[in-house]
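Thanks for coming. I will go through one structure this morning, from the whole chain down to a few single residues.

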Amino acid sequence: GGAATTSDSDLLFAQGPASLFADLSFWYQMEDGTLIMPDKRDDILIAFIQKELGLAAPDIVFSLGRSRFGQSLGEWLQAATGNGETAQTLDNAWRSFVYKRTAMAQQAPPAPLPEQDIQLLCQIAGEERMALYRYDLDTKTTVLEQPLNRYADKMVALPADDGLAIWQTAEADAGATKLFLWHNEEMTEISWDAVDDVPGSKPLHADLSRGKLILLPVNSEYGLLDVASCLGEACLLDSLAGYPIWSPDGVHMVMVDPSYEPSEPHQYGRLMLADGAGELIRIFAFGASPFWLDNETFAFVSDEGEGSQHMIVTGQVDEEGYDWEVLLTVDQLTAVLNDTRTHWLDFVAPQPHDPDKLVIVTTTAEDNERTLFIYDLVTEELLLALPFSDSNASGESYRFSPNGRFLLAQYFEVDPNLQTQNSIYIIDLLDGSTSVKSLQPFVGSSVYWHTDFSEDGDWLLIADEQMLYLSLPGSGYEQLIFPETGPCKTAVWVDKNS
C-alpha cells in the first residue's frame, strides 16, 4: 500500500490499536503464504515493522515464508525479530508507534512541561515482580532504578516531590509489611510486623504544610510520619486514632476513623477531637467529611442517627455537648434540582485557597447519581449545581488540585455490559466543565494512587496500566506516554535530583 498518513493513524488510534497478539483473523489471513490485510493498517504496520523493529523488506518476505498457520501477528514478529521482545513490550511499542503519528501527538504543549521526572511503579515486562522506574520527559527514556517484589502496591511522592514512599508486603510473610522511603537513589526501610498495636504503613499522601506523611492502617491505627527525621538519624512516627484534619492554627485536629478502605475523610465513621499532636480529647459523633470553619469551630456531615447523611452541622472545641448547630441541609441544596429522589451528602470540603466556599457532592440513594455544588458560606448563596455522573457508581475517592481549581472524583462504575470501569472525573470549579478518564479497574484504590499533580500544580499525571495521561487541565491539551515497562500501578512527579 501507499505511505500511511496522519489521518490513517488517527483513525486506527481512535479505534484502539488492537493487540498484535489478538485473533489472527482480525489482522490477516494466510493464502498461499501471502499476507493480506483488510485496510490501511497494512501501511502503518509495515512502517512499524521496518522503522521500529528494523526488519528490511527481504527479512519480512523470508520470515513470512517461515510463518505457521494459526500464528498471531505478534508471535510472528517475535520470531522474526529474534530479540527477546515480550508481548507487553511489543504491544507497547506498536501503540506508541501509532500514537506518535496522530494529530494529537503533534500538538505543541500550551505551556512549558514541568522541570521534573516521572517515577513509575510498574511490573517488570514478562515478570511478576514490580520495580521502580524513572521516565525522563526530555529524552523520553525509561530507566529501571530499583527492583521490588511482586507485592509492591502503593507509592506516593514525599513533600516537595523530593523522593517517594513505597509500600509492599514481604514475600516470605504475608502478614509483614514494609514502608520504604526512596531519596537520592537510596532506600530507607521503615519496617514492622503488621499487628494491632503499631501504626499503619500504607502511604496515602503528604501534608505539604507540615512535612508529614499520612499512613493508612493495615489493621487498626493510622500513622503520621515525619519525613525529614526519617531521612536523617531518627525516625519520628506517631500513631493516630483516625485520619487527621488540622485546625487552621494546627492546635487541634478532628480525626475520622472510617469503617472501610480506602479510609478517606469524607467517609462515614467515628469522629474525634484531639490536640495538634493527635492526643485524644473526646469522641464526639459519628459522621463524615469533617472540616474547620475557624480555629475554634469545626463542622461535619451528620446522619441524624439514621445511617444516611443529611445535614452539615457545627460544633465548638470548648463545648462538650452534642447540641449541634445546623449549617446546611441536603434539602436546601437539592431544591434547585427539581428531583424527588433521596439525596445524601457524599463529600464536603472547603475549597483550597478560598475556604469561604464549600465544595459539596451529593449522591442519590437509589442509583448513586452525583451532583456537585459550590456554596458560599458568607453570602449563603448557591454558586453552582452541576450533575456530573449519572451512572451507578461506587467506591468514591476525591482530591483537589493544589491550586484548588479542580476537583478529581474517582468512582467504580458498571457499564451496560456489566464490566467494571474505574472512572476519574476532572471538574473545573471555575466554569463547571468536566472531563472523564475511564481506566483499568483497581478495587479498593484511591485517587491519590492513580493521579499526581506537578510541583507547580498545573500538570496532571494519570497512570492507566500500559500508558500515562499527561494533561494541562483547563486547556484541553493532553499527551500520552508509553513507558517501556510492564503494567504500571502508579506514576508520580519527582524532583530531577531526588
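Among contacts in the protein between residues at least 6 apart in sequence, 45% join residues at least 24 apart; contact here means heavy atoms within 4.5 Å. This is a predicted model, so local features need pLDDT of at least 70 and side-chain atom pairs count only at pLDDT 80 or more, while totals for chains, interfaces and linings use all residues. Residues are numbered from 1 along each chain as its sequence is written, and side-chain values use heavy atoms, with hydrogens and water left out.

The protein has 9 helices and 33 strands. Those are DSSP runs, numbered from the N terminus: helices are H or I with at least four residues, strands are E with at least two. Of the 498 residues, 52% count as buried. Buried means under 20% relative accessible area, exposed means over 50%, and partly exposed is in between, with a 1.4 Å probe and protein chains only. The protein exposes about 21800 Å², of which carbon and sulfur atoms supply 48%; the areas come from the Shrake-Rupley method with a 1.4 Å probe, and for residues only the protein chains shown count as cover.

Next, confidence. pLDDT is the predictor's confidence in each residue, from 0 to 100. Its mean for the protein is 82, and 81% of the residues reach 70 or more. Which elements have the lowest and the highest mean pLDDT? Helix α2, residues 24–27, is lowest at 42, and strand β23, residues 370–376, is highest at 96. Over residues 23–38 the pLDDT stays under 50, and the model has 31 contacts for them beyond four places in sequence. The pLDDT is also below 50 over residues 193–197, a stretch with 9 contacts beyond near neighbours in sequence.

Now the second largest pocket, with a volume of about 600 Å³. On a 1 Å grid over the protein atoms alone, a pocket is an open set of points where a 1.4 Å probe fits, with protein on both sides within 12 Å along at least five of seven lines; lining residues have an atom within 4 Å of a point. Grid points are joined across faces, edges and corners, and the volume is the space filled by probe spheres set on the points. Of the 26 lining residues, the closest to the centre are Ser-96, Lys-100, Tyr-135, Lys-140 and Phe-482. Elements giving two or more residues to this lining are α6 (87–100), α7 (103–106), β5 (141–147) and β32 (477–481). The most come from α6, with 6 residues.

Finally, some single residues. Leu-337 sits in the loop between α9 (330–334) and β21 (343–351), and counts as partly exposed because its relative accessibility is 22%. Beyond four places in sequence, Leu-337 contacts His-343, Thr-371 and Phe-373.

Most residues other than glycine have a negative phi. Asn-368, not a glycine, has a positive phi of about 60°, and lies in the loop between β22 (354–364) and β23. Glu-465 also has a positive phi, near 55°, in the loop between β30 (460–464) and β31 (467–472).

Leaving aside neighbours within four places in sequence, Asp-464 contacts Ser-438, Leu-439, Gln-440 and Tyr-469.
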